Amino acid sequence: DTVADVSAIGADALEVLVSPDTAAGTTSLISANPTTITADGEDTSSVSVRLKDSFGNNLAEGGDAVVVTTTAGSTSSATDNDDGTYSVTLTSGTSVAVAALSATVNTVTITDTATVEFEAGSAAKLVITGDTTQTAGAAQTITITAYDADGNVAGAYTGAKSLLFAGADSPATGDMSTIGKNSSSLHTRCSRRSCATVGSQK
């Protein structure tokens, strides 16, 4: 609210209280912090809605009906902070996604939007894929992919691992020094008795 003094020569001053107009969807704002959380069904981001009137003035009181919706994860009911702002908690889902957040005030759509990215968690397992049969002397590519506990590709995973290739009678080992950003591949060549690493990782 703004107080303005109105006066004339020889007259008393008139004090006028100027208040914001009602909340407008075209100027009100929505934001989220942080904008990246883990896709584990538990991590959260704090969403804030700042109501403004059609002239861009901040509302200083509560009492409006604010609803925030999301395209991924889930949102709580809005908490009225009694100062023109409203707080909502966004909880992630268990799949990697980008949550698009939108809001309404008194059923009027707020033009502004926000997004929060759900990223994979820490690697919980490595999955090896390749052909189950192989001709002696031929090569194939084996792919190793890191996944988090919810089955999302753990894109940030790196680590040193070793592979053991067992032949018909005697084993051979192949070491893979690093697993890359999403997955690593190496080639194996099989002799009559065993297979050994002959290629390199992705």
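## Exercises around Ile30

Leaving out neighbours within four places in sequence, Ile30 is in contact (heavy atoms within 4.5 Å) with Val47, Ser48, Val49, Val68, Leu101, Ser102, Ala103, Asp112, Thr113 and Ala114. This is a predicted model, where local features need pLDDT of at least 70, side-chain atom pairs count only at pLDDT 80 or more, and totals for chains, interfaces and linings use all residues. Residues are numbered from 1 along each chain as its sequence is written, and side-chain values use heavy atoms, with hydrogens and water left out.

**Exercise 1.** Find which residues touch the most other members of the largest nonpolar core.

*Solution.* Start with the term: such a core is a set of buried Ala, Val, Leu, Ile, Met, Phe, Trp, Tyr and Cys residues joined through side-chain atoms within 4.5 Å. Buried means under 20% relative accessible area, exposed over 50%, partly exposed in between (1.4 Å probe, protein chains only). Next, look through the 23 members: Ile30, Val47, Val49, Leu51, Val68, Leu101 and Phe118 touch the most others. Finally, check the strands (DSSP runs of E, at least two residues, numbered from the N terminus): strand 10 gives the most to this core, four residues.

**Exercise 2.** Work out which side chains of strand 12 (residues 114-119) are buried.

*Solution.* Go along the strand and sort by face.

**Exercise 3.** Say how strand 12 pairs with strand 10 (residues 97-105).

*Solution.* Pairing takes at least two DSSP bridges between two strands. Here there are five, and the sense is antiparallel. To spot it, look for Ala100 opposite Thr115.
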